[in-house]
Amino acid sequence: MAFVSSLSVAQQKTAVFPFDEMNRYDWHYLPASTVVRSGIAVKDLNTSQKQKLDELMQVYLSKEGFQKTKDIMDFEYLLKEMEPNNSSRIPENYFISIYGQPGKDSIWAWKFTGHHVTLNYTIVNDQLAFAPFFFGVYPAEVKDGPKKGKRILKDEEELGFELVNSLSPEQKQKAIFQLKTFSDIVTINSKHVEPLKPAGIFGSELSLDQKSLLNKLIVAYLLAMPTDIAKIRIEKIVKEDLNAICFGWAGGTKAGIPHYYRVQGKSFLIEFDNTQNNANHIHSVWRDFDGDFGEDLLKDHYQHSGHHH
């Protein structure tokens with residue numbers, strides 16, 4: 001409410017949509033100059049409005065998640081320096097859209113999208129859905145300059161390596177389902193995701209230590225969310241059959257060689273790839289099969305609300 005009311009009438013027309021506006025499902029991780037976004041750009045907000053936006057994001061992200069988002073956004077300045085002739089390197093070219101009216105409506109949503117960041121939140125009767133969410137980074141490791149050595153998505157990559165390299169040769173034969181990696185995440189920016197055909201090794205075939213690593217890997221993604229929200233999501237995964245979670249790998253098993261992994265459970269999919277720019281460009285995403293864009297919450301709401309029958 002504070003963010004929306006900080007906008008002028010003209011800005012509200014750009015940023016605020018009815019909840020059932022179909023562009024709510026549009027998201028991408030390419031620069032906003034190459035794939036058009038809805039909403040209002042951060043670069044078009046004044047200092048006070050940017051502050052309100054930061055406050056909004058700090059409520060919907062953990063401290064780590066907020067820092068990660070800001071770091072990825074700040075890399076646009078680094079890329080502008082690295083590629084001065086690339087016209088798509090526009091800092092603060094990130095867009096926020098609000099769907100419905102926070103404070104008045106029991107169902108509303110907001111999304112934040114731009115190069116290498118997509119956050120989607122849907123609120124249904126005080127319950128929250130947070131998928132799809134996407135983080136990417138280029139360069140994955142800064143090779144020189146004042147930021148040399150900085151790695152924004154370090155844990156997501158290192159835990160993947162740790163898990164695949166903890167596997168025995170027999171386990172690796174199952175887990176590494178293709179030697180050649182993909183050029184990007186398989187589900188790209190799909191509006192809806194169905195479970196992928198299982199590929200890799202199942203939780204039931206892992207040792208206790210390896211299961212613990214798999215759990216750490218899943219948690220590394222959820223750490224971007226506020227603790228109470230991450231906890232609810234973890235509890236839902238624990239109620240599923242952990243043995244049925246599948247970990248699959250493609251490509252090289254050490255840094256510098258293009259690689260990809262996925263973690264798929266009954267209700268969710270994680271994808272990670274580091275294949276572009278000599279394996280120094282990461283894309284990572286969390287998808288919920290039934291809960292992307294709050295679909296499960298909305299379905300439940302419409303089934304149980306008398307006036308919708």
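By class, six nonpolar, two polar and five charged residues make up the lining of the largest pocket (Ala, Val, Leu, Ile, Met, Phe, Trp, Tyr, Cys and Pro count as nonpolar, Asp, Glu, Lys and Arg as charged, and the others, Gly among them, as polar). The model is predicted: local features need pLDDT of at least 70 and side-chain atom pairs count only at pLDDT 80 or more, while totals for chains, interfaces and linings use all residues. Residues are numbered from 1 along each chain as its sequence is written, and side-chain values use heavy atoms, with hydrogens and water left out.

The largest pocket has a volume of about 300 Å³. Of the 13 residues that line the largest pocket, Leu 128, Ala 129, Ile 232, Arg 233 and Leu 297 are the closest to its centre. A pocket is, on a 1 Å grid over the protein atoms alone, an open set of points where a 1.4 Å probe fits, with protein on both sides within 12 Å along at least five of seven lines; lining residues have an atom within 4 Å of a point. The volume is the space filled by probe spheres set on the points, which are joined across faces, edges and corners.

At least two lining residues come from each of strand 6 (127-129), helix 8 (227-239) and helix 10 (295-304). Helix 8 gives the most, with four residues. Helices (H or I, at least four residues) and strands (E, at least two) are DSSP runs, numbered from the N terminus.

Helix 8 also packs against helix 7 (residues 208-222), at an angle of about 145 degrees and with the axes 10 Å apart. Axes are lines fitted to C-alpha atoms, for helices over the stretch in contact, and angles run from 0 to 180 degrees between N-to-C directions. Ile 218, Val 219 and Leu 222 of helix 7 meet Ala 230, Arg 233, Ile 234 and Ile 237 of helix 8 (contact means heavy atoms within 4.5 Å). Six of these contact residues are nonpolar, none is polar and one is charged.

Some backbone details follow. Most residues other than glycine have a negative phi, and most peptide bonds are trans. Asn 125, in the loop between strand 5 (117-124) and strand 6, has a positive phi, near 50 degrees. The peptide bond from Ala 131 to Pro 132 is cis, with omega near 0 degrees, and Pro 132 lies in the loop between strand 6 and strand 7 (133-137). The bond from Tyr 138 to Pro 139 is cis, with omega near -5 degrees.

The chain as a whole has 10 helices and 13 strands.
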